[in-house]
Amino acid sequence: MSLDAPAVDYKALVQDDRIHVSLYTDPRIFVDEMDRIFTRGWVFVGHASEIPRPGDYVTRQLGMQPVIMVRGRGGAIAVLVNRCMHRGTMLCTAGRGTTRTFACPYHGWTYDLDGVLLGVPYPGGYAAFDKGAHGLRHAARVASYRGFVFASLAADGPSLGEHLGRATALIDRTCDLSPEGEIELSAGWVKHRCAANWKALPENDSDGYHLGFVHLSLFKTVRSTQYQRVVGEEKAIKAVVRDWGNGHIEIDWSPGYQRPFEWLGNASGPAVDDFVARLERRDGAALTQRRVMQGPAHALIFPNLFLGETNVAIVQPVGAEECVHWHTPVFFKGVPEFNGRLLRMSEAGMGPASFLMPEDLIVAARNQAGLRASTVEWLELTRGLNRESIDAEGRGVSHVTDETTNRALWKHYRSVMAEA
Amino acid sequence: MLSDTDRQAVTDFLHREARLADEARYAEWHALWTEDAVYWVPATTDPGADPDKHLSHIYDNRARLDTRVKLLQTGHRYSQEPPSLMRRLISNIEIERADDGELVVGSNFILAELSVQADHEMHWWVGRTTHRLRRVGGELKMCHKKVVLVNAAEPLPNLSFLI
């Protein structure tokens, strides 16, 4: 890329009713995204329950930037750039662990859990060495909501509260299903490789139109899936999509549910009864009934957190034509027997050997392959423009098969990408 | 002690199971299982992983195994439609007889999978399998199969074929 290459005109590429093919294929656009969305913006890093004790850490990527999310000695969570300040060596290569210090294997520079440089071997080689100036780089901003930790590598910009806006209600919907109000991500992550641009994942996660086609094998095999009510006659389908603003988008299946726990394969039994009893002690019978009818959220928190009902998923970009989908089951604190159901549900739905995601990702890969036909420049995005509306709370809403969510995603994308 | 006949029967079983999986002969592969089947592909190489606490790629009981096979038989499991072209080699076979008489069989495999559903791309799968085999009506059947991929914890492409 030459230094004087003209800037990409995102306002021209992202229109209200169509998007340009290069948004999925152009490496230059990918580089812009990693800067404007994944470096400057708020990005989901991980959940506090993954690192319960001081010294616990996990390694992640904010876009292309490797980071360590670690719990310090005082219990606070830091997000450190995973790179020695001497010569750039990656400090942690394991996915998770517990440690007292971060020691560089190259020349032995050692940092504490807050990234403070503790010591440098053979200090006589430096005339005047300021250890304080060589601590690990921190993510400029770290903030969390109900244990979901987000970071931004830029010092300035909207607060996490401003970024999430009212979409915190989506996180609440999942967390409030926990009798103790807290979720735990302790089962480990499965990582699923996808030969497509990263944006294919949030688009598909919020697309209610594809179910009866991409997942036809499931509908032909399992008679009563939770999605049975969204593949019938168009006008009989009650589920909706919603635009919560700032690129946060939702599919809400629950208007079509007729019984509790349709979102968990109509689960029943002692573990389910106990779970309901615990919720009732906190919330009373009526609210509990509503919660177990509605189930957890199915929503994308821009840009990389997917609340996938009984799963939490991360969208990890790799390159213009490759990404990885991470997922782990949501566990509710204090109900291990019930969590066993959630674990098996997670394996059925997500991951490379599951009954849903392999189809989603193979179609994403076929999209990516089809988009090499770059002489056809535009992807069409008009479905539902004729019937979407704004609800009493100011959210965009439409029939579950409508592209209201995808348009909302692209609208926010354009505002972020064209801002610079 | 294990007789040469037993040893040969086990080897024949492993080879046949591999060929049926390679050739997407779903019904015949399905018939190799007992009713109390457990088909387990952990998402970690940690030998202490507990499938009731840790997420797996696959942890099928008989009912879910039946669903897995039926999905493939619909002709609409697009991640395996058409089926990947596959051949696997099995080696380093070690057999022990458990206290209950069942045979516990460890083996290594290398599997070349040509994924043909989107791009035509070769995927290599390597790991160690532990089978638990039992005689049912004179024939060997598998009641437990655990497949530990060397890259179990890494990003994996689709694994919706029979591994």
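**Domains, chain contact and backbone exceptions**

The C-alpha centres of domain 1 of chain A and domain 2 of chain A lie 32 Å apart. The model is predicted.

Q: Which residue ranges does the domain assignment give for domain 1 and domain 2 of chain A?
A: The assignment for chain A gives two ranges, one for each domain. Domain 1 covers 43-152, and domain 2 covers 165-417.

Q: Which strand supplies the largest share of the side of domain 1 of chain A that touches domain 2 of chain A?
A: The contact takes eleven residues from domain 1 of chain A and 16 residues from domain 2 of chain A. By class, the domain 1 side has four nonpolar, five polar and two charged residues. Its largest share is three residues, and these come from strand S2 (residues 43-47) of chain A.

Q: Which element of chain B gives the most to the side of chain B that touches chain A?
A: The contact between the chains takes 34 residues from chain A and 30 residues from chain B. Strand S2 (56-60) and helix H3 (62-73) of chain B each supply at least two residues of the chain B side. The most, four residues, is given by S2(B).

Q: In which loop of chain A is Pro303(A) found?
A: Most peptide bonds are trans. The bond from Phe302(A) to Pro303(A) is cis, with omega near 0°. Pro303(A) is found in the loop between strand S16 (298-301) and strand S17 (305-308) of chain A.

Q: Where in chain B is Pro82(B) placed?
A: Glu81(B) and Pro82(B) are joined by a cis peptide bond, with omega about 0°. The place of Pro82(B) is in the loop between H3 and strand S3 (85-97) of chain B.

Q: Why is Asn266(A) classed as partly exposed?
A: Asn266(A) has a positive phi of about 55° although it is not a glycine, and it is found in the loop between strand S15 (248-252) and helix H9 (270-294) of chain A. Asn266(A) is partly exposed because the number of other C-beta atoms within 10 Å is 13.

Q: Is Asn92(B) buried or exposed?
A: Asn92(B), in strand S3 of chain B, has a positive phi near 55°. It has 9 other C-beta atoms within 10 Å, so Asn92(B) is exposed.

Conventions: Residues numbered from 1 in each chain as written. Chains lettered and ligands numbered in written order. Predicted model: local features only at pLDDT ≥ 70, side-chain atom pairs only at ≥ 80, totals over all residues. Contact = placed C-beta atoms within 7 Å. Domains from an automatic or database assignment. Nonpolar A, V, L, I, M, F, W, Y, C, P; charged D, E, K, R; others polar. Buried ≥ 20, exposed ≤ 12 C-beta atoms within 10 Å, placed from the backbone.
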